[in-house]
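Hi,

Here is the structure I promised to pass on.

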Amino acid sequence: MVETVERLTLLGMGAFSKVYKVEGTNKAVKIFETQRRDRDDFKTIEKSINREREIIEMIKKKPHPSLLEYFETSINEEKIKIYMELCHFSLEHLLIYMRNPTHEKINENLRQKEKITLIDVLGIMKDIIAGFKHLRSIEARIAHRDIKPDNILIIILEGGAFNT
């Protein structure tokens, strides 16, 4: 059996997982490490992962342009991987950029954007509202419990427009 080796670049991390860019693709992968956890910690992680998988399945059945596209899930004894659409940056990075365009946390995708206009900001807000409205319309009425600028991801479309 030939095993494919993915080249990954760390993008960020949360309480139970890390998110990486899959080099050479337009995908990101969220990896939950399941080994080396104590029993109570594992139960918490398992509950969180199961809920996230349920939400992903609901979103895959009823996608929306303001929500991430999910591709596949891979599970083994050591790791759970969720492959998703790669975004260029977060709202947190955009807010930092608007205050200080030369800040070290600003990535190249955002640096290439010459100017952030009021139209850009209003478009982002409209996309955020549309995404949350869509989540609430899905039969399980999904409520996001960790809304913060770092978790609102943005893509630069061809022509320079933003999409969240």
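Below is what I found, going from the whole chain down to single residues.

A word on the ground rules: this is a predicted model, where local features need pLDDT of at least 70, side-chain atom pairs count only at pLDDT 80 or more, and totals for chains, interfaces and linings use all residues. Residues are numbered from 1 along each chain as its sequence is written, and side-chain values use heavy atoms, with hydrogens and water left out.

The chain has four helices and eight strands (DSSP runs numbered from the N terminus: helices are H or I with at least four residues, strands are E with at least two). Along the sequence they come as β-β-β-α-β-β-β-α-α-α-β-β. Of the 164 residues, 33% are buried (under 20% relative accessible area; exposed is over 50%, partly exposed in between, with a 1.4 Å probe and protein chains only).

Now the sheet. Five strands make an open, antiparallel sheet in the order S1-S2-S3-S5-S4 (two strands pair if DSSP finds at least two bridges between them). S1 (8-13) and S4 (70-75) are the edge strands, each pairing on one side only. Inside it, S3 (residues 27-33) and S5 (residues 79-85) run antiparallel over seven bridges, and Phe32 sits opposite Ile80 in S5.

S5 also takes part in the one salt bridge of the structure (a side-chain nitrogen of Lys or Arg within 4 Å of a carboxyl oxygen of Asp or Glu). The partners are Glu6 and Lys81, at 3.6 Å from N to O. Glu6 is in the segment before S1 and Lys81 is in S5, 75 residues apart, so the pair links distant parts of the chain. Glu6 is partly exposed, at 29% relative accessible area.

On to the helices. In H2 (residues 91-99), Leu91, His93, Leu94, Ile96 and Tyr97 are buried. The buried residues of H2 pack against S6 (89-90), H3 (108-111), H4, S7 (153-156) and S8 (162-163) (contact means heavy atoms within 4.5 Å).

Where is there a nonpolar patch on the surface? Leu118, Ile119 and Leu122 form one, with about 350 Å² of accessible area together (Shrake-Rupley, 1.4 Å probe; for residues, only the protein chains shown count as cover). Patch residues have over 30% relative accessible area and no salt bridge; like charges are joined within 9 Å, nonpolar side chains (Val, Leu, Ile, Met, Phe, Trp, Tyr) within 5 Å. Ile119 lies in H4 (residues 118-137) and counts as exposed because its relative accessibility is 65%.

Cheers
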